[in-house]
Amino acid sequence: MRKIYFISMLLIAAVFIMPIFAVKGEPLITKSRAISTLRTLSESTYAMALSSESQGKSPLAPPSSDGGITVKVQFADGVRELRLYDYLCGVVSAEMPASFPPEALKAQAVAARTHTYNRILAGGESSTHGLADVCTDPAHCKAYAPPGENGYPEAVINSVAQTDGLVVLSEDEPILAVFHAASSGKTERAADVWGGDVPYLQSVVSDGEEAAPRYRGEVCVTREEFAETIKARYGDADFDKPAADWFSSVTRSEAGGVISLEVCGTVITGNVFRSLFGLNSTNFEIETDGDNIRLSTTGYGHGVGMSQYGARALALEGKSFEEILTWYYTGASVGTFTLEG
């Protein structure tokens, strides 16, 4: 406890001393800005202290950092304000099996916290949720599971408590810590999936993905269904040619995902094609099979950022949550970031 108290005092001192200074002539504290404190991997000492105090225990009260922050969450029935601690327990519980190794769960907790910080900082300026910071739609933000009759699994609680206040930083700011279920052996660059390059969202090797239940997928539609789906979005597509000649000019990323392809002369991005046919990923192969079009996928999710099954594999190899996060978020570090206002 003395170690935690000492480190807490350092954090508090930093928060009150830093506002004295300014960056590029601008005040450090505004409603939509924040002060970054103790931003280096030395924060692992803080995480280790928390871990040694609460290993194997469900805390009776939320940790000091996450317990003191609130987040506005858009639910189906309206906006609710939750403690960040409670919200993160719900996200980790929904996004990753509690049976995963502890270090993978911690990596998930830090990624979820970082994404939430990022959204809180965006605020009304770029939020698509109105008064809310985040929503519970996993296709847009992160999934959320309410506590069960006995609360959340102990492994989930520990993953949040033992990483209290830690986030992933790039250039002293919380990153957009996106994650997905499983890549196809390499994660995708943000530029190849969404069109804009992000320094910390680059392609990295990701092993152990085959353990994911949906690592391989398949969608089969008739030629007529395929043509109707494309025409509904691209009315000028001409399907008079044999099905084998419908597809051309497929360009792929370094990780194997389809960046774009031509369907009957119409250029379609891999992301749009995936959405049109409900595919597991953009890493797909197309096969014409008689009257059917067979679409086979590898991996599950957009493929950018941290792979959850890749994190599981790294944790099983003995990697720490910090090592997992800095592997998937290129050039980033793990530290703290103090929200203000």
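**Close-up legends**

**View A. The bridge partner of V167 in β17 is G335.** This is a predicted model, with residues numbered from 1 along each chain as its sequence is written. Local features need pLDDT of at least 70 and side-chain atom pairs count only at pLDDT 80 or more, while totals for chains, interfaces and linings use all residues, and side-chain values use heavy atoms with hydrogens and water left out. Strands here are DSSP runs of E with at least two residues, helices are runs of H or I with at least four, and both are numbered from the N terminus. Strand β7 (residues 166-170) is joined to β17 (residues 333-336) by four bridges, and the two run antiparallel. Two strands count as paired if DSSP finds at least two bridges between them.

**View B. Three strands make an open sheet, ordered β8-β7-β17, with antiparallel pairing.** The edges are β8 and β17, each of which pairs on one side only. As background, strands of a sheet pair through backbone hydrogen bonds, either parallel or antiparallel. On the β8 side (residues 173-174), two bridges tie that strand to β7 in the antiparallel sense, and S170 sits opposite E173. These two strands form a hairpin with two residues between them, where E171 takes a positive phi near 55°.

**View C. Strand β7 is covered on both faces.** L166, V168 and S170 point to one side, V167 and L169 to the other, and all of them are buried. Buried means under 20% relative accessible area, exposed means over 50%, and partly exposed is in between (1.4 Å probe, protein chains only). Five of the five residues of β7 are buried, so the strand is largely enclosed by the rest of the structure. Look next at T336, which belongs to β17 and is buried too, at a relative accessible area of 6%. T336 lies 162 residues from P174 in sequence, yet their C-alpha atoms are 8.9 Å apart.

**View D. Helices α10 (residues 308-316) and α11 (residues 321-328) pack at about 135°, axes 10 Å apart.** That angle makes α10 oblique to α11; under 35 degrees would be roughly parallel, over 145 roughly antiparallel and 65 to 115 roughly perpendicular, with the rest oblique. Axes are lines fitted to C-alpha atoms, for helices over the stretch in contact, and angles run from 0 to 180 degrees between N-to-C directions. From α10 the contact draws on G310, A311, L314 and A315, and from α11 on I324, W327 and Y328. Contact means heavy atoms within 4.5 Å. By class, six of these residues are nonpolar, one is polar and none is charged; Ala, Val, Leu, Ile, Met, Phe, Trp, Tyr, Cys and Pro count as nonpolar, Asp, Glu, Lys and Arg as charged, and the others, Gly among them, as polar. Helix α11 also lies across β7 and β17, running at about 120° to β17.

**View E. Strands β12 and β13 form a hairpin with two residues between them.** In the turn, C264 has a positive phi of about 55°. Four bridges join β12 (residues 258-263) to β13 (residues 266-269), antiparallel, and V263 is the bridge partner of T266. On β13, T266 and I268 make up a covered face, whereas V267 and T269 make up an uncovered one.
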